[in-house]
Amino acid sequence: MNKKISIGATIALMIISIALTISVTMVVAMRIFNSSVNDVTQRRAMYQYVTEIDTAVRPHYLGTIDEEKLRTALAQGYVDGIGDPYAAYLSASEYKAVQQTRSGKLTGYGIELSKTEDGMPQITEVSKQSPAASAGVQKGDIVVSLDGTEVTADTYDTVAEKLGVTTSGDKVLIGLRRGDSELSVDLTSASFDVVTVEGRMVGSVAVIRITAFTETTPAQFKTVYNQLDSEGATGFVFDLRNTADGVLSAAQEVVAYLMPRGSYAKITEQQTDGTSQTTEMMAEDTYQMSKPSATLVNSRTSDGAELFAGVLQEHALTTVIGSTTAGHGLVQDYYTIATDGAAIRLSVASLVLKKGGEIEGVGITPNKEVLLTPEQEERLGLLTDEEDLQLQEALTAVHSGGTIIPPVTTPPENETTTGEETTTTGETEPTEPEEE
């Protein structure tokens, strides 16, 4: 028999519900208010402290204060003091250079250097479409003079700085030794489009080198990948050694292109109210890689390159070869300072692989560890295919069908290891199926 609830009882329940809602809201609001008051108090104390220092210095300092230099030092000191290992203060010109690099452009000569055995600067990379490439500078050339001044091992740092990122229109005369001959080359710094993806065939295997993840990398990658695939590549080697920083969304797009549809990793972002929000990274393309692959990494492989290697490894789509990566799993963003166009770089999110693998502070452990000597690491761009032991191991892995060799890991606490066999002493949870 149904019982009717009186109007009075209904109203009473509504009042109680409203009262509870108001109470919860007030508790939350008070917590936020108290937190805000504490933040305001702390900020006020900090500003007052800086003001006291300023008040003490200005009347007694004998020199003339460079206000711009002081402001920059204050900004750098603030960023250094927040505890974010990847945070940085960038001047307006530095931030402009970062924006240009992220967009797939550079201003400079397009030269990368390393030291020879006797300490001389040797060119290890020449960017395509750069002033150096147009002038005929080649990998392997040794810089012997700069603007008419002889170069020695002691002046390597000066040469590296002079030939690094510059202002458009800067000029330099470099003397080069190539084999038994010497030549002089006039270079004028200019802005040029960076080629971040290059591919070639080594026998029947396609080797694709990704030097950075910029806004133009995904389009370049798809073009190179599809071209080599159409030439009959039986498998792929992805070379991510020394690949660092870059644009995370570009790495995501490349990874998603090779993955089956579904979630492949997670990103946890810090919200302004102090909470965090986790979002699934999704692959939505209809294409996915079906041929065996190997991925080359080293200790300088970081950021989006670690995401690439870790995701493909976790989904058994590649064999990772080389040495453990840098372990840079925090994501940075840039915030412009309106006053002068400078910017602050801050860590705002963290990357976690689909099955819970942390990247920050851990890195990607290779399936097969193959180490190069420090000298070989330094001169990586000059190694022949035969000298490059990591590449040779990758080619072998691809030829064998891309068989995945389990990486060396520390057994969980509920596991005991005897010899080469691992025995689980506790119960294991079933593996969750991949999301479609």
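**Salt bridges and a helix pair in the predicted model**

In this predicted model, Asp-388 and Arg-241 are both buried. Their side chains meet in a salt bridge, with an N to O distance of 2.8 Å. The pair links distant parts of the chain, 147 residues apart, since Asp-388 lies in the loop between α9 (374–378) and α10 (389–399), and Arg-241 in the loop between β12 (235–239) and α7.

A search of the whole structure finds 15 salt bridges, among them one between Arg-71 and Asp-340, whose closest N and O atoms are 3.6 Å apart. Arg-71 belongs to helix α2 (residues 67–80) and Asp-340 to the loop between β17 (330–336) and β18 (343–353), so this pair ties together parts that are 269 residues apart in sequence. Arg-71 is partly exposed, at 43% relative accessibility, and Asp-340 is likewise partly exposed, with a relative accessible area of 30%.

A further salt bridge joins the side chains of Arg-58 and Glu-67 (2.9 Å, N to O). Arg-58 counts as partly exposed at 37% relative accessibility, as does Glu-67 with a relative accessible area of 43%.

Turning to helix packing, the axes of α6 (residues 217–230) and α7 (residues 248–258) come within 8 Å and cross at roughly 30°; because angles under 35 degrees count as roughly parallel, the two helices are roughly parallel to each other. Their crossing is right-handed. In the contact, Thr-217, Pro-218, Phe-221, Lys-222, Tyr-225 and Asn-226 of α6 meet Ala-250, Glu-253, Val-254, Tyr-257 and Leu-258 of α7, and by class these residues comprise seven nonpolar, two polar and two charged.

Technical notes: Residues are numbered from 1 along each chain as its sequence is written. This is a predicted model: local features need pLDDT of at least 70, side-chain atom pairs count only at pLDDT 80 or more; totals for chains, interfaces and linings use all residues. Side-chain values use heavy atoms; hydrogens and water are left out. Axes are lines fitted to C-alpha atoms, for helices over the stretch in contact, and angles run from 0 to 180 degrees between N-to-C directions. Helices (H or I, at least four residues) and strands (E, at least two) are DSSP runs, numbered from the N terminus. Angles under 35 degrees count as roughly parallel, over 145 as roughly antiparallel, 65 to 115 as roughly perpendicular and the rest as oblique. A crossing is left-handed if the near helix is turned anticlockwise from the far one by less than a right angle, and right-handed if clockwise. Contact means heavy atoms within 4.5 Å. Ala, Val, Leu, Ile, Met, Phe, Trp, Tyr, Cys and Pro count as nonpolar, Asp, Glu, Lys and Arg as charged, and the others, Gly among them, as polar. A salt bridge is a side-chain nitrogen of Lys or Arg within 4 Å of a carboxyl oxygen of Asp or Glu. Buried means under 20% relative accessible area, exposed over 50%, partly exposed in between (1.4 Å probe, protein chains only).
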